[in-house]
Amino acid sequence: MIFNGSHSDISEQLDAIGTPVSIWQQGSADTYQLISANDLYQEVLDGPVTRQLGNELQGILPRYIIGDIKQAMAQCCRLLESREVEIAIERHGQTCWWRFIYTPINSEGQQRVLNTCIDISEKKRLEHSLQTSMRRFEAVINSAYDGIITIDDEQNIKMFNKAASEMFGLPQQEALGKSLSSFIPARYRENHASHVAGFRESPTLSRPMHTRASVMGVRQDGSEFPLEITISKIQVGTNSEMTAVLRDISERALLIEELRQAAAIDPLTGTFNRRYFSKQLDNERKRCQRFDHQMALIMFDVDHFKAVNDAKGHSEGDKVLEALSLKVRQQLRDVDIFARWGGDEFIILLPESDLASATVVAEKIREVVAISLAPISLSMGVLSSNGEQESIDIVNQVDSLMYAAKNEGRNRVIGS
């Protein structure tokens, strides 16, 4: 009866269905006539079903949805297969979303279609809310100053924000799906997987990594840069994901290095300064005591340097000190510590050296300077020590030897 009856024949059966349904009959030129519908179908029609019975599709439903509906119904009748279409109907200032399911019905030479309607308005509202939240989330993530990277259990990248893209020099879309290891210097990759696995199994949910040893990243051009990283993990179903917030601290590291240099290096000559030298002398003195080693010190100043400043000006005097420092460094070992003690006075610490070997070094420096920087000459004192004396006493002794060299005529080495 449902296949070939009229509305009066089939309405009772349709009313037993708990969702809006209607039956349409295909006419010529792809026209569709409403044959029957249950009372719930009034929600779709926005009015009594009985007023629309026998009317054509285009006279019943809003014009702006007719095209999609006719296409779905035509395919249903032609292919004899079910078709679905999602329709939004605006009424009384509100939008109601429906999923229309069309099922073909053969009825003694007349092609009919059963239309089942499911209200999906709440689902659409939730989807819209979710999309809004996702757009808001993406906007926040992509406007963040820090790089943000999320990886799955296989350490493949699932999220890569704009800051991370700029940080590593790789477009966001190209980064997705890549292994995190491609952003880590090769020397750290072998142990990285075990670190990730250990964090995944630990009860800790987040971990700042800047307190560990230096964390380095590698850009797509192969250059490395220091990072400060905080990682966190979340459970997504049966899988876990980890998110890292990364900050490029290259500028900070550069500043720290500049401050370190400023704290240890004499800005004019490029040698170490007095503070750094004193610290290293104290360390070496203790090492000599511990391992029963010898160390030696050389202290020198430029003969008649005041006359150079007075005659040629301080700028020329500075050039002399710069040239002198370069010549001296060329005569020293990598382990030797060369510092400007103050003014035109310099001091050298030679670890594991005795008086004889230190005197040879001092004489060589004196000769090189006298030849290459004439008429500049040096008065030099040389002292060996086993570290038993205090640092200040050791420096005072070598200082006395230097002044002894000056008093004995300058341009000479006196050792003790």
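This is a predicted model: local features need pLDDT of at least 70, side-chain atom pairs count only at pLDDT 80 or more; totals for chains, interfaces and linings use all residues.

Q: Which ring does Phe225 pair with, and how are the two arranged?
A: Phe225 pairs with Phe168. Their ring centres are 5.4 Å apart and their planes meet at 65 degrees, so the pair is edge-to-face.

Q: Where in the chain do those two sit?
A: Phe168 belongs to helix α5 (residues 162–168), while Phe225 belongs to strand β10 (residues 224–236). They are 57 residues apart, so the pair links distant parts of the chain.

Q: And Phe168, buried or exposed?
A: Phe168 is buried, with 2% relative accessibility.

Q: Which residues make up the ring cluster there?
A: Phe160, Phe168, Phe183 and Phe225 are linked into a cluster by ring pairs.

Q: How many aromatic pairs are there by this rule?
A: The count is 10 aromatic pairs. One of them joins Phe100 and Tyr102, with ring centres 6.2 Å apart and planes at 90 degrees, so this pair is edge-to-face.

Q: Are Phe100 and Tyr102 buried or exposed?
A: Phe100 is buried, at a relative accessible area of 0%. Tyr102 is buried as well, at 1% relative accessibility.

Q: What does Tyr102 touch, apart from residues up to four places away in sequence?
A: Its contacts include Ile69, Ala72, Met73 and Cys76, and also Val113, Leu114 and Asn115.

Q: Let's talk cores. Which residues touch the most other members of the largest nonpolar core?
A: Those are Tyr41, Leu61, Ile69, Phe100 and Tyr102, in a core of 27 residues.

Q: Which elements each supply at least two residues of this core?
A: The helices are α2 (42–45) and α3 (63–79), and the strands are β2 (32–37), β3 (83–91), β4 (94–107) and β5 (110–119). The largest share comes from α3, which gives 8 residues.

Q: What about a second core?
A: A separate one has 25 residues, among them Phe305, Val328, Ala358 and Val382.

Q: Zooming out, how many helices and strands does the chain have?
A: The chain has 13 helices and 16 strands.

Q: What about its overall dimensions?
A: The C-alpha trace spans about 135 × 50 × 35 Å along its principal axes. The radius of gyration is 44 Å, whereas a compact globule of 416 residues would have one near 22 Å.

Q: What share of the contacts join residues at least 24 apart?
A: The share is 53%, taken among contacts between residues at least 6 apart in sequence.

Q: New topic: where is Glu284?
A: Glu284 lies in helix α9 (residues 274–291).

Q: Why does Glu284 count as buried?
A: Its relative accessible area is 9%, and the cut-off for buried is under 20%.

Q: What is Glu284 in contact with, leaving aside neighbours within four places in sequence?
A: Glu284 is in contact with Met295, Leu349, Pro351 and Glu352.

Q: One last thing: which residue lies over the face of Trp97?
A: That is Lys124, at 4.8 Å from the ring centre.

Terms used. Residues are numbered from 1 along each chain as its sequence is written. Side-chain values use heavy atoms; hydrogens and water are left out. A nonpolar core is a set of buried Ala, Val, Leu, Ile, Met, Phe, Trp, Tyr and Cys residues joined through side-chain atoms within 4.5 Å. Buried means under 20% relative accessible area, exposed over 50%, partly exposed in between (1.4 Å probe, protein chains only). Helices (H or I, at least four residues) and strands (E, at least two) are DSSP runs, numbered from the N terminus. Contact means heavy atoms within 4.5 Å. Rings of Phe, Tyr and Trp (its six-membered ring) pair if their centres lie within 6.5 Å; planes under 30 degrees apart count as stacked, over 60 as edge-to-face and the rest as tilted. A charge sits over a ring if NZ of Lys or CZ of Arg is within 6 Å of the ring centre and within 35 degrees of the ring normal. The radius of gyration is taken over C-alpha atoms; the globule rule is 2.2 Å times the number of residues to the power 0.38.
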